[in-house]
Amino acid sequence: MDSVAQRLSLVGAGAALELRGVTRMFGALAALTDVTITVRPGERRAVLGSNGAGKTTLFNCITGDFPASSGTIRFFGEDITHFPPYERIRRGLRRTYQISALFTGLTVQDNVYLACRGVSRGRFSLLRPRQNDALVHAADTLVQAVHLSAVKDQRVAELAHGQQRQLEIALALAGAPRFILFDEPAAGLSPGERLELIEILTSLPAHIGYIIIEHDMDVALRVVESVTMMHNGRIFKEGLPREIESDPEVQELYLGGGHE
Amino acid sequence: MSLVTHDAKVQLRSPAAAPPTVRMWPEINNPAAWAVAVILLIMPLIASKFFLIEIFATTLILGTIALSLMFLAGYGGMVSLMQLTIAGFAGYMVAVFGVSGNVNISLGWPWWLATPVALALATAFGTLGGALAVRTEGIYTIMITLAIGAAFYYFTNQNWAIFNGHTGMNNVATPMFWGVDWRADIPFYYVVLGTAALCYFAVEYISRAPFGLALQGVRDNPRRMAALGFNVNAHRVAAYAFASFVAGLGGVLQVWNYRQISPGSVGVERCIDILIIAVVGGITRAVGPFIGALIFVLLRTFTLDFLVQLGLDGNRFRLLIGLGFLAIVFWSSDGVIGLWEHWRQRGATPRQTGRGGHG
């Protein structure tokens, strides 16, 4: 793993994301219990676990969609535990959603433009963007990067599922992301689209770390260098992909346990 | 953007050849829009005084107030029933700060001072109401704004110090300068037309500006907007502020039109009229509220005589409006505009959607 070590040395020490004892209650039900995770800048990690293990709740706590009930969350050293979601996003955190959360009444181009506008100034601007607006160009580039140029003037409601998943990723790449949370980006994709997804993930700039929730081990283990296993809202095991794959407990619980 | 570094393999159209998407005014190439504009401009030549004020100026005023609801509901997904209340508040403030028959209440300021103050206060009032309403969604927004409307109606009824109770404010002075009486029929028509046009184009323009696009994003998916860095509630409150200003303009015109304002002008049924106007016309495009207002005013004006001739109560015109409302909602969720576009596209080759505000 020399290349990984090299890559990580480029982005410096310190934690990109640091969770300490994060717990999230829904009424009396603990969806997350005492979760402690440290992710270095530029690190790419998979979170595995069966349905209900707390993976998406973990994402929701990190982004603030649902605030943590207790514990602290630090993003590049800054305590963001009590920040509203938009403040966390403006600091370089991004996420995608398991079920596409797009603006179905707007065009592809407008969706991506909003993503670019959200992390820059002028969100309340009453002036229409000009032809040479930097953010319009940034949006064009992103639309092209996820292979949606041909449909960029179509309304999102008219897109095929695979195209919506690609747009979902484009929204998370806008601006200057420092860390991205991908929630099952391969859900419902064809084998060919999965390859494109892997290509997009592996070609992200080195300084951008991410956590990916993915049931498809072929996708997940090809794009990460570390794995966290979750079970019943707790961290169950952490390690390298090959360690996790060969771990008998994990195999019993997840891989060989008749899952899916 | 050197963020994603791989080359696009599947690319049907070169991005260099395609200009960035900045849509221009769709109306410029639309002959029907030009025809309507010309007819509106020469209206004083072709319409009687009755039609000019009672039909067209009234339509444009109600349309402007309904436009503020269309902006909130169509772009922001927020159904506010207090838009007429904000307009009425502006009207009251014109009477209170300006000149009216109630000399012990009115401060007697000149119109050019009273009107901006009235607009500013109405905007503040609507923004405050909006700040309360944005904490809720859907039916609760409707309930809160309806409650504000009802509370204001009863308050004006019972407060004599400022609102002069159930008699309201009479003989409200209207602007007179440059030797022109701006409430005389023809000048007033142009004042109303100019204001309505300004509001219409402002809404159209803003719908494609970052603020308006973001508002449509909030409508479609507020949670995702927050996950893109937008402060969703701040956006909603700002939308209320803009809509309140538009409604306030409509209210100022309305009090100049009738030269009086009373609790009856701000009743709950009036608030609901605005909702009906916007929904009947269509809330996806800025032109919808004006179409809805024209239908409403025509029905209100002419079915009265018609029904009386049939020996029915003239107030039954509401029954007709209600039936029309039901029919339109039943056949087109997009009001009269939706019906019209459906009819236009029937038989024609399928067009690329995405025209206008949000397509």
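**Terms and basis of the model**

Helix axes are lines fitted to C-alpha atoms over the stretch in contact, and angles between N-to-C directions run from 0 to 180 degrees. Helices (H or I, at least four residues) and strands (E, at least two) are DSSP runs numbered from the N terminus.

This is a predicted model, in which local features need pLDDT of at least 70 and side-chain atom pairs count only at pLDDT 80 or more, while totals for chains, interfaces and linings use all residues. Residues are numbered from 1 along each chain as its sequence is written, and chains are lettered from A in the order in which they are written.

**Two helices of chain B**

Helix H11 (residues 268-281) of chain B packs against helix H14 (residues 335-345) of chain B at an angle of about 10°, with the axes 3 Å apart. H11(B) is therefore roughly parallel to H14(B), a term for angles under 35 degrees. Val279(B), Val280(B) and Gly281(B) of H11(B) make the contact with Gly335(B), Val336(B) and Ile337(B) of H14(B), where contact requires C-beta atoms, placed from the backbone, within 7 Å.

**Chain A and its helix H2**

Chain A contains 10 helices and 10 strands, and its C-alpha atoms fill a box of roughly 55 × 40 × 40 Å along the principal axes. Buried residues (20 or more other C-beta atoms within 10 Å of their own, C-beta atoms being placed from the backbone) make up 50% of the 260 residues in chain A.

Helix H2 (residues 55-63) of chain A is mostly covered, with nine of its nine residues buried, including Leu58(A), Phe59(A) and Ile62(A). Just after H2(A), Gly64(A) adopts a positive phi of about 90°.

Conventions. A residue is buried if 20 or more other C-beta atoms lie within 10 Å of its own, exposed if 12 or fewer, and partly exposed in between; C-beta atoms are placed from the backbone. Angles under 35 degrees count as roughly parallel, over 145 as roughly antiparallel, 65 to 115 as roughly perpendicular and the rest as oblique. Two residues are in contact if their C-beta atoms, placed from the backbone, lie within 7 Å.
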